[in-house]
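Please show me the structure that we are going to discuss.

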Amino acid sequence: MTIKVALVGAGAFGIKHLDACKLIPDVEVVSLVGRDLAKTQEVASRYGIPHVSIQLEDSLAMREVDAVILATPTQMHASQTLACLRAGKHVQVEIPLCDVLKDGQAVVQRAEESGKVAMCGHTRRFNPCHQWVRQRIVEGSFHIQQM
């Protein structure tokens, strides 16, 4: 089964998600939302994404969208996550989930009520610096200095 995804945020982090999604056989990005329509269309055509908008609601209205990835500014995360859950979509949001605790609590409550997955994630483990440090740990070059 192919999971059909809408990606919100056509900037640097959105591009990282698009590159990652291309490597997952059963994921298809079917909608891209960005702030600037022309730039968003340019990114969508590079990645073969058929639907483009500057409004999250347009993607949420698409029946075929199973899940949404939010790569948007922090102050938008909680409200956009809630909108995705209300639309019946699973959602992955970049860190942090919110900048106000009560907004994060509202997301947790709505996710529990909806039965949909709402998760925070980040791509730091793919950062070359982090990979370099991990490799040093795995090969035994680094040792715990203090705990």
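This is a predicted model: local features need pLDDT of at least 70, side-chain atom pairs count only at pLDDT 80 or more; totals for chains, interfaces and linings use all residues.

Author: Residues are numbered from 1 along each chain as its sequence is written, and side-chain values use heavy atoms, with hydrogens and water left out.

Reader: What pattern does the protein chain follow along the sequence?

Author: Helices (H or I, at least four residues) and strands (E, at least two) are DSSP runs, numbered from the N terminus. The protein chain has six helices and six strands. Read in order, they give the pattern β-α-β-α-β-α-β-α-β-α-β-α.

Reader: What percentage of the residues of the protein chain count as buried?

Author: A residue is buried under 20% relative accessible area, exposed over 50%, and partly exposed in between (1.4 Å probe, protein chains only). The C-alpha atoms fill a box of roughly 50 × 40 × 30 Å along the principal axes. Of the 147 residues in the chain, the buried share is 35%.

Reader: How are H4 and H5 oriented to each other, roughly parallel or roughly perpendicular?

Author: Two packed helices are described by the angle between their axes and the distance between the axes. Axes are lines fitted to C-alpha atoms, for helices over the stretch in contact, and angles run from 0 to 180 degrees between N-to-C directions. The axes of H4 (residues 74-86) and H5 (residues 101-114) come within 9 Å and cross at roughly 15 degrees. Angles under 35 degrees count as roughly parallel, over 145 as roughly antiparallel, 65 to 115 as roughly perpendicular and the rest as oblique, so H4 and H5 are roughly parallel.

Reader: How many nonpolar residues are in the contact of H4 with H5?

Author: Contact means heavy atoms within 4.5 Å, and here Ala78, Thr81, Leu82, Leu85 and Arg86 of H4 meet Asp103, Ala106, Val107, Arg110, Ala111 and Ser114 of H5. Ala, Val, Leu, Ile, Met, Phe, Trp, Tyr, Cys and Pro count as nonpolar, Asp, Glu, Lys and Arg as charged, and the others, Gly among them, as polar. By class, the contact of H4 with H5 has three charged residues, two polar ones and, as nonpolar residues, six.

Reader: Which hand does the crossing of H1 and H2 have, left or right?

Author: The axes of H1 (residues 12-22) and H2 come within 11 Å and cross at roughly 15 degrees, so H1 and H2 are also roughly parallel. A crossing is left-handed if the near helix is turned anticlockwise from the far one by less than a right angle, and right-handed if clockwise. The crossing of H1 past H2 is right-handed.

Reader: Which residues of H2 make the contact with H1?

Author: H1 passes H2 in a right-handed crossing. On the H1 side, the contact is made by Ile15, Leu18, Asp19 and Lys22; on the H2 side, by Val43, Arg46 and Tyr47.

Reader: Is Lys22 buried or exposed?

Author: Lys22 lies in helix H1. Its relative accessible area is 58%, so Lys22 is exposed.

Reader: Which backbone oxygen does the side chain of Thr40 reach?

Author: Thr40 is in helix H2 (residues 37-47) and is buried, at 2% relative accessibility. A polar contact is a pair of N or O atoms within 3.5 Å; within protein, one must be able to donate a hydrogen and the other to accept it, and residues adjacent in sequence count only if both atoms are side-chain atoms. At 2.7 Å, the side chain of Thr40 reaches the backbone oxygen of Asp36.

Reader: Which side chain makes a polar contact with the side chain of Ser31?

Author: Ser31 belongs to strand S2 (residues 27-33) and is buried, at 0% relative accessibility. Leaving aside neighbours within four places in sequence, Ser31 touches residues including Val5, Leu7 and His51. The polar contact, at 2.5 Å, is with the side chain of Ser59.

Reader: Which side chain makes a polar contact with the side chain of Glu94?

Author: Glu94 is in strand S5 (residues 90-94) and is buried, with a relative accessible area of 6%. Its side chain makes a polar contact, at 2.6 Å, with the side chain of His17.

Reader: Which residue does a cis peptide bond join to Ile95?

Author: The bond has an omega of about -10 degrees.
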